[in-house]
Amino acid sequence: MDSSRISIDGTDIAFAQDGQDTVLRAALRAGIGFPYECASGGCGSCKFDLVSGAVDNLWPEAPGLTDRDRRKQRLLACQCRARGDLCIKVRPSQESKPLVLPRRRTAKLAGITDITHDIREFRFVTDSAAEFLPGQFALLDIPGIPTPRAYSMSNIANDAGQWHFQIRRVREGKATAALFDRLEPGDVIGLDGPYGLAWLRQDNERDLICIAGGSGLAPMVSIARGASAAGLLDKRKLHFYYGARTAADVCGEHLLGELPEFASKLHFHPVVSMPESSALWSGAIGFVHQQVEQDFGSRLADHEFYFAGPPPMTQSLQEMLMVQYKVPFSQIHYDRFF
Ligand SMILES: Cc1cc2nc3c(=O)[nH]c(=O)nc-3n(C[C@H](O)[C@H](O)[C@H](O)COP(=O)(O)OP(=O)(O)OC[C@H]3O[C@@H](n4cnc5c(N)ncnc54)[C@H](O)[C@@H]3O)c2cc1C
């Protein structure tokens with residue numbers, strides 16, 4: 001297997017990149033705190049400058065780079081593979097240091113269950129234990145799809161090698177078409193993980209607010225399950241908001257209802273933005289971030305926040321929490337689903 005040595009300019013940090021890895025995956029596999037968020041080319045958090053050496057750029061048009069970045073020849077570590085030894089410029093951070101080192105595995109599809117008309121749970125099993133923190137994601141290599149896709153786990157770490165994903169079918173989406181229309185129980189895919197920084201923090205006493213928009217269900221369910229399993233809900237409350245477009249899109253309550261703290265410490269708040277009619281929906285109406293603001297207002301900064309979903313939702317939440325209510329950044333953990 002080809003191996004390249006990648007060193008970080010101005011530091012004594014160096015790591016090897018083998019075979020199919022990108023610069024980002026190689027760094028994280030080596031335990032280095034390479035800055036990143038989505039690992040999918042969307043967010044731009046893993047930008048670096050090339051000091052010497054050459055790379056294969058797997059997705060030069062990736063939206064995570066601006067025109068200015070391209071003019072300055074910046075690159076995304078999640079979309080570049082070293083072609084020989086490299087020296088790069090980037091600032092590693094303690095916050096990005098992986099607590100569980102990502103590993104490649106093969107995973108067999110063990111079962112599928114419909115959650116809504118367009119969200120399905122896909123349950124995979126691997127030979128070795130499923131090691132990850134609640135809220136993290138994996139990169140899946142799906143047969144027939146040339147580039148990997150990120151999907152968040154909805155379950156929690158387990159020795160049985162169970163990895164559960166809740167995936168929304170995207171209109172004309174390539175990977176979701178393959179998953180929904182072609183993959184069958186018994187089929188095998190590549191699973192690399194865990195990745196992601198929006199994992200459950202256990203080092204504080206604050207009540208939790210989890211906010212899922214659309215396909216952001218899985219990581220928030222994982223956070224709720226993780227909080228329950230760790231005993232955090234003995235002392236703390238967890239408010240789970242689900243933002244849906246229509247009443248038919250609302251989901252999650254039956255999954256949370258399986259947890260012993262449901263209704264006493266764990267509360268489900270569905271919010272619909274475009275209800276079909278008052279006969280079909282009598283609950284809260286509006287955008288989910290507005291409902292959170294209405295419910296908590298000046299008490300927002302007393303909470304620990306987790307959220308996942310489409311970038312417009314996460315953007316509204318970031319602005320509301322960070323700018324308007326001055327919630328400290330360290331209390332806010334999110335994944336944008338590009
Ligand atoms: C951290 C994270 C976690 C996620 N978790 C979930 C989840 O739990 N459930 C869920 O339903 N969705 C999740 N997503 C979204 C998911 O990864 C897919 O974007 C979505 O399923 C659409 O995929 P598609 O192939 O069907 O759509 P398409 O429109 O065919 O592809 C969209 C995505 O493919 C990638 N892509 C497109 N072209 C290229 C290229 N040339 N090279 C590399 N990549 C390319 C990009 O990431 C793009 O957003 C998550 C995304 C991220 C970033």
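Predicted model: local features only at pLDDT ≥ 70, side-chain atom pairs only at ≥ 80, totals over all residues.
Residues are numbered from 1 along each chain as its sequence is written, and side-chain values use heavy atoms, with hydrogens and water left out. Local features need pLDDT of at least 70, side-chain atom pairs count only at pLDDT 80 or more, and totals for chains, interfaces and linings use all residues.

A disulfide is a covalent bond between the sulfur atoms of two cysteines. Here the term covers a pair of cysteine sulfur atoms within 2.5 Å. The whole structure contains 0 disulfides. Cys 43 is in none, and its nearest cysteine sulfur, that of Cys 38, is 3.7 Å away. Cys 43 counts as buried because its relative accessibility is 17%. Buried means under 20% relative accessible area, exposed over 50%, and partly exposed in between (1.4 Å probe, protein chains only). For Cys 87, the closest cysteine sulfur belongs to Cys 80 and is 15 Å away, too far for a bond. Cys 87 is also buried, at 14%.

Of its 22 residues, Arg 149, Ala 150, Tyr 151, Ala 175 and Thr 176 come nearest. By class, 11 are nonpolar, 7 polar and 4 charged. Strand S11 gives the largest share, 4 residues.

A polar side-chain atom of Thr 176 is 2.6 Å from one. A backbone N or O atom of Lys 174 is 2.8 Å from an oxygen atom of the ligand. For Phe 338, the corresponding backbone distance is 3.0 Å.

Key
Near = heavy atom within 4 Å. Polar contact = N/O pair within 3.5 Å; in protein donor to acceptor, adjacent residues only side chain to side chain. Helix = DSSP H or I, 4+ residues; strand = E, 2+ residues; numbered from the N terminus. Nonpolar A, V, L, I, M, F, W, Y, C, P; charged D, E, K, R; others polar.
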